[in-house]
Amino acid sequence: MVVILNTIMQYLTSEEVTELEFKANEIRQSIIEMLTEAGSGHTAGPLGMADVLTLLYFGILKHDPKNPDWEERDRLVLSNGHICPVLYATMAHAGYFPVEELLTLRKFGSRLQGHPHRQSLPGLENSSGPLGSGLSQAVGMALAERMDNPYSAKFMYCLTGDGELQEGQIWEAAFLAGKEQLNNLIVIVDRNGIQIDGYTKDVMPMEPLVEKFEAFNFDVQEVDGHNMRALNDAIGKAQAVYSQPSVIIAHTIASKGVDVFERDFRWHGNPPGKGPEDRVTKDKQSSVALEKLRTLAGTINNHDTK
Amino acid sequence: MFADNIQPNLSPDTVEKSPTRNGYGDGLLEAGKRDKNVVALCCDLTESTRTNKFADEFPERFVQMGIAEQNMASVASGMSAVGKIPFIASYAMFSPGRSWEQIRTTIAYNDSNVKIVGAHAGVSVGPDGATHQAIEDMAIMRAMPNMIVIAPADEHEARKATLAAAKHVGPVYFRLGRSATPIVTTPDTPFEIGKAQKFYSRDESLEKKVGIITTGSLVFNGLMAAQKLQEAGIGASVLHMATIKPLDEEALLAFAQEHDALVTVEEHQVAGGLGGAVAEYLSGVHPIKIARIGVQDVFGQSGEPDELIEYYGMGIDSIVEAAKKVVE
């Protein structure tokens, strides 16, 4: 049963947190299943952002899965399009389309293109894949919305990767967002520290990131990207900031939830079955990942969860 | 014989000139008055792209982007997603030159209602030199699905193209020139996206028949060349194709069938622009000899507009010579 949660939860109760975490776990399982079926695609980013996406779709966004074009909706712009498995999985679990359709990911004729195509799937706000342009689109939406209604309470959320911040266009967009004081723009950076070729600190160090965004006139927060309550609080504060755009740097663990995949940059662009074999052989990667998720890495009996 | 709905008595000595960007400035202002959703974005070239007329009248609907063409393309995509009709203007070398991928992914792939305006196209940019002379823009934009590509002939056509672009739902690219271009059309000459128009009809009593197809700033040279050819006893007509995508295939095929050979004329590389589009289409339905006038796979350089047009083989006499040769 899908409900639209369009009232901002000021404070998450323990029950609400548990419910969101349970939902995020289901979404992670879907991600493993769809990537395994697809035989290609990205694993680390989608698993790492499952908590953020879950909170957004089940706790923050004003949206209506049965009416994706609802005028009054908030918009979520995915700038790092390659983590779309988590977006698709979250949308399906939220009721935009049947969960079974997730298994068509990356297949011929599917609405779930390898990188998101706005025209293909209702509920997508943008097409992305080439990095760096989603933030600009969110800035454009925020600007246009404010032109029509300076007191608008619609928020434009933009999710970016951290490696993506190496793209110059991100900072072009940041310049404009700061100049225009776009309070209706909330950027969430997936700070998982990895990119295809290695750890971001080796490929292209980007710290100090807080100061960089502050220098562009953003309100900046850093938060544990797996702590629902902390994330919820940060987004609540970002909504309250009136004279600046906001960025929330969400520190996440790449491949979060599957401990044998976690923190390893080699899982950036490989699906279960094609990843590094030092901890799990390819033939077992998918089943082990699902088992890890269903037992919370062996801490509970999986009969308790499903 | 000149068409009766264009300027009368066209000749090199008397023709009036004005930059096409002036027509854009007027058209944009008019489009803004007609539709409150029209917004304008510009990258620090507000005056030279003539976006300033709109910006002065509607400051709340103008966004000064700073020097950031890639951001401009994607910001416009975002604005169109919430119902705006953005016109984004810079020099064609920078937009679409620098922002091609952003235009492809965030505008064309989404079929976004964004109008991309590339000013200072062609070698007639002049003294600024090759870095600022966009002569590949139509090729890169034409190769992109969903994109309409227009090269207005003069300021009147540029104004009409701007208004037509504002009405058309979907992405449109049109190019403008920096220097004053001969005014060939009138405020009343019809304009429709995707429609070619015959501006000069050959003397049917002449045996040899050459068809000249023009786009953008060089239509005047094409017309003058046609007149000279007729004086030399060669029947010549001019088909003006302001829109090179979608190509007016019906008009083009009929025009090709009426002539022994064709000459395409554009201020652009001969690869990928009007000449390319015409050759691609006709090769499949009506193979015919085609001479392509334009820049021959080289870069431009500094100089005065007229001298560059002559040097790169796009002057009236170059067209006449090419026509004579191809119709032999």
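Trainee: Does A:Q113 count as buried or exposed?
Mentor: In this predicted model, a residue is called buried if 20 or more other C-beta atoms, placed from the backbone, lie within 10 Å of its own, exposed if 12 or fewer, and partly exposed in between. Because A:Q113 has 20 C-beta neighbours inside 10 Å, A:Q113 counts as buried.

Trainee: Where in chain A is A:Q113 found?
Mentor: Residues are numbered from 1 along each chain as its sequence is written, and chains are lettered from A and ligands numbered from 1 in the order in which they are written. As the model is predicted, local features need pLDDT of at least 70 and side-chain atom pairs count only at pLDDT 80 or more, while totals for chains, interfaces and linings use all residues. Helices (H or I, at least four residues) and strands (E, at least two) are DSSP runs, numbered from the N terminus. With elements named in that way, A:Q113 is in the loop between α4 (84-94) and α5 (134-148) of chain A.

Trainee: What distance in space separates A:Q113 from A:P85?
Mentor: Along the sequence, A:Q113 and A:P85 are 28 residues apart. From C-alpha to C-alpha, the separation of A:Q113 and A:P85 in space is 9.7 Å.

Trainee: What distance lies between the end C-alpha atoms of helix α10 of chain A?
Mentor: Helix α10 (residues 282-294) of chain A has 13 residues, and the expected span of a helix is 1.5 Å times one less than its number of residues. The helix should therefore span 18 Å, and this agrees with the distance between its end C-alpha atoms, 19 Å.

Trainee: Which element is included in what covers the buried residues of α10(A)?
Mentor: The buried residues of α10(A) are A:Q285, A:A289, A:K292, A:L293 and A:R294. What covers these buried residues includes an element of chain A, namely α1 (14-38).

Trainee: What radius of gyration does chain A have?
Mentor: The radius of gyration is taken over C-alpha atoms, and the globule rule is 2.2 Å times the number of residues to the power 0.38. For the 306 residues of chain A, a compact globule would therefore have a value near 19 Å, which agrees with the radius of gyration of chain A, 18 Å.

Trainee: What radius of gyration does chain B have?
Mentor: The C-alpha trace of chain B spans about 60 × 40 × 35 Å along its principal axes, and 62% of its 328 residues count as buried. Because a compact globule with 328 residues would have a radius of gyration near 20 Å, there is agreement with the value of chain B, 19 Å.

Trainee: How many residues of domain 2 of chain B are in contact with domain 1 of chain B?
Mentor: Chain B is divided into domain 1 (17-182) and domain 2 (197-327), with bounds that come from an automatic or database domain assignment. The centres of the two domains, taken over C-alpha atoms, are separated by 26 Å. Two residues are in contact if their C-beta atoms, placed from the backbone, lie within 7 Å. On that basis, 27 residues of domain 1 of chain B are in contact with residues of domain 2 of chain B that number 30.

Trainee: Which element gives the largest share of the side of chain B that touches chain A?
Mentor: Between the chains, 24 residues of chain B are in contact with 24 residues of chain A. On the chain B side, α3 (69-81) and α4 (100-108) give two or more residues each. The largest share, 9 residues, comes from α3(B).

Trainee: Which residues have the most contacts inside the largest nonpolar core?
Mentor: A nonpolar core is a set of buried Ala, Val, Leu, Ile, Met, Phe, Trp, Tyr and Cys residues joined through C-beta atoms within 7 Å. In soluble globular proteins, nonpolar side chains tend to be buried together. The largest core here has 195 residues, and those with the most contacts inside it are A:V139, B:I212 and B:A323.

Trainee: Which residues of chain B does A:V139 touch?
Mentor: Residues up to four places away in sequence are not counted here. In chain A, the residues that A:V139 touches include A:A173, A:L176 and A:L185. In chain B, A:V139 touches B:V75 and B:G78.

Trainee: How many C-beta neighbours inside 10 Å does B:D154 have?
Mentor: The place of B:D154 is in the loop between β6 (148-150) and α6 (155-167) of chain B. Leaving aside neighbours within four places in sequence, the contacts of B:D154 include B:T20 and B:T181. B:D154 counts as buried because its C-beta neighbours inside 10 Å number 31.
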